[in-house]
Amino acid sequence: MNVTYRREMKHNYLIIEQDISGTEGYEVSMLRENQINGLLKFHLKQIDNHKYFYYEITSRQPLNRILEIHSLNKAELKNLITGIAQVFNRLPAYLLNEDQILLQPEYIYLEPERFLVSLCLVPGRYRKFSENMTELLRYLLGKVNHQDKECVVMAYALYQESLKDNYGIDTLAELVCTPHAGEGREKEVTVSPSGSEDGEEQIIFTDTDQDQIQVFQEFNQLEKATSSGFVLWKPLLLLLSTMAGSAVIIWLISGHKGIIKYWYAPPIAGILNAVYGIIKSGGMKNKKYYGEESKKGDTGIEPESEREAWQLAFYEEKEEPGTPLKTAVEEEMVQTALLTNVKRDSKVRILKSTDPGRQDIEITYTPYLIGKQEGLVDCVLEGEAISRIHAKVEKDGDDYWICDLNSTNGTYVNGRLLETNEAVRLETGDEIFIANFAFIFT
């Protein structure tokens with residue numbers, strides 16, 4: 001399967017060349033004659049003996065691109081699974097097969113603002129749905145927001161379900177919408193989020209969900225150990241030890257007269273040190289892989305409690321003969337490497353606006369996203385012609401590159417319109433148009 005991308009006027013296309021014969025059948029006719037909600041718009045072009053399937057992806061973003069800059073929360077995971085299920089449930093009415101859907105993250109397209117799913121169905125292509133879905137769920141395990149405990153439990157439960165024989169998409173949709181539905185689920189167990197009070201939402205599992213219950217409870221125990229534990233006894237220890245140390249130093253320098261004269265110094269030093277310790281601990285606990293803190297130099301390494309909970313939720317033993325098992329620490333290191341790919345630049349490059357009324361764009365780290373969807377891009381450009389995620393600036397060695405990201409109105413470099421997903425190396429003085437916003441690369 002050969003995949004390319006192309007821009008035609010204001011439309012962007014994912015193009016798949018199928019190296020097979022006989023694809024001009026009812027499947028192609030169904031896709032051409034019907035606009036099936038949830039499937040990418042489709043048309044066929046034939047050049048010589050080659051058939052090219054064109055799928056419109058204008059203003060949509062692939063799942064893997066979204067999850068490079070944003071970790072998945074519970075609502076988004078639920079929307080993703082239910083969206084896929086809704087598309088699959090429409091296929092039988094058109095005599096189409098679920099095994100023809102591409103479930104790789106780079107071919108699942110989303111409308112970023114509402115997280116609406118559009119899938120790519122390739123006529124003549126068959127791969128078992130269960131294998132595709134298990135691979136997708138394994139990928140999602142490494143992309144969920146592990147500070148969202150409910151999302152962690154849901155992702156783990158989905159993956160575990162996909163390892164069973166003869167599961168279907170309806171089973172997964174039922175799991176995210178009504179997690180206790182189905183036969184064989186008897187006694188219910190209630191697990192409250194740590195620190196919850198009466199009236200707060202509680203998560204309910206059944207007695208057949210022991211894995212999820214254990215993960216959630218251990219997550220809460222670890223979180224309590226780091227949050228309440230530090231707050232209760234470490235500041236007091238810091239206060240007392242600092243006061244004692246300060247008093248000893250004053251006595252060594254000035255004797256007992258110094259203790260009497262500077263009696264206020266030890267309490268002040270103790271209080272300041274205790275407050276500093278609380279602030280430092282709270283700051284580390286609130287760090288995230290994504291967001292401004294990470295992009296401004298954060299190492300991306302989460303607190304010990306979250307790291308252990310991450311291992312508890314996602315560590316999976318490999319049972320291949322003769323192959324040593326990965327340790328949980330190695331697994332965590334892999335996940336950390338995936339989530340901390342932001343590079344901070346020692347030399348700041350600037351997209352200098354040619355309009356005096358608009359601000360320049362400082363490229364202080366890479367990759368650097370430009371668009372109008374606040375929360376998903378690094379620089380928000382307000383304008384009707386700007387797409388939600390419009391363009392990206394990256395760095396390779398000492399070279400900077402700009403790439404158009406399926407935008408509607410395009411990205412121009414020195415007057416040339418970039419193809420969708422095309423990256424062009426930038427030189428000092430290059431003129432760049434992001435839709436109708438003009439800049440000079442300096």
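Start by selecting Phe437 and its surroundings: leaving aside neighbours within four places in sequence, Phe437 is in contact (heavy atoms within 4.5 Å) with Arg358, Leu381, Glu382, Gly383, Ile386 and Ile432. Keep in mind that this is a predicted model, where local features need pLDDT of at least 70, side-chain atom pairs count only at pLDDT 80 or more, and totals for chains, interfaces and linings use all residues. Residues are numbered from 1 along each chain as its sequence is written, and side-chain values use heavy atoms, with hydrogens and water left out.

Is Phe437 buried or exposed? Phe437 has a relative accessible area of 6%, so it is buried (buried is under 20% relative accessible area, exposed over 50%, partly exposed in between, with a 1.4 Å probe and protein chains only). Phe437 belongs to strand 22, residues 437–441. Helices and strands here are DSSP runs numbered from the N terminus: H or I of at least four residues for helices, E of at least two for strands.

Step back to Ala435, in the loop between strand 21 (431–434) and strand 22. Its phi is near 60°, a positive value in a residue other than glycine. Ala435 counts as buried, at 10% relative accessibility.

For another positive phi, jump to Ser59, which is not a glycine either and has phi of about 65°. You'll find Ser59 in the loop between strand 4 (50–56) and strand 5 (61–62). With a relative accessible area of 22%, Ser59 is partly exposed.

Next stop, Pro367. Pro367 sits in the loop between strand 13 (361–366) and strand 14 (368–371).

Time for helices. Select helix 3 (residues 74–90) and helix 4 (residues 129–141): their axes come within 13 Å and cross at roughly 165°. Axes are lines fitted to C-alpha atoms, for helices over the stretch in contact, and angles run from 0 to 180 degrees between N-to-C directions. That crossing angle makes helix 3 roughly antiparallel to helix 4 (under 35 degrees is roughly parallel, over 145 roughly antiparallel, 65 to 115 roughly perpendicular, the rest oblique). Show side chains, and Leu77, Leu80, Ile81, Ile84 and Phe88 of helix 3 meet Phe129, Met133, Leu136, Leu137 and Leu140 of helix 4. By class, this contact has ten nonpolar residues, no polar and no charged. Nonpolar covers Ala, Val, Leu, Ile, Met, Phe, Trp, Tyr, Cys and Pro; Asp, Glu, Lys and Arg are charged; the others, Gly among them, are polar. Colour helix 4 by burial and the buried residues include Ser130, Asn132 and Thr134.

Finally, pick helix 5 (residues 149–162) with helix 6 (residues 169–177), whose axes come within 10 Å and cross at roughly 155°. Helix 5 is therefore roughly antiparallel to helix 6. Here Met154, Ala157, Leu158 and Glu161 of helix 5 make the contact with Thr171, Leu172, Leu175 and Val176 of helix 6. That contact has six nonpolar, one polar and one charged residues.

Zoom out to the whole chain: it has eleven helices and 22 strands, and buried residues make up 44% of its 442 residues.
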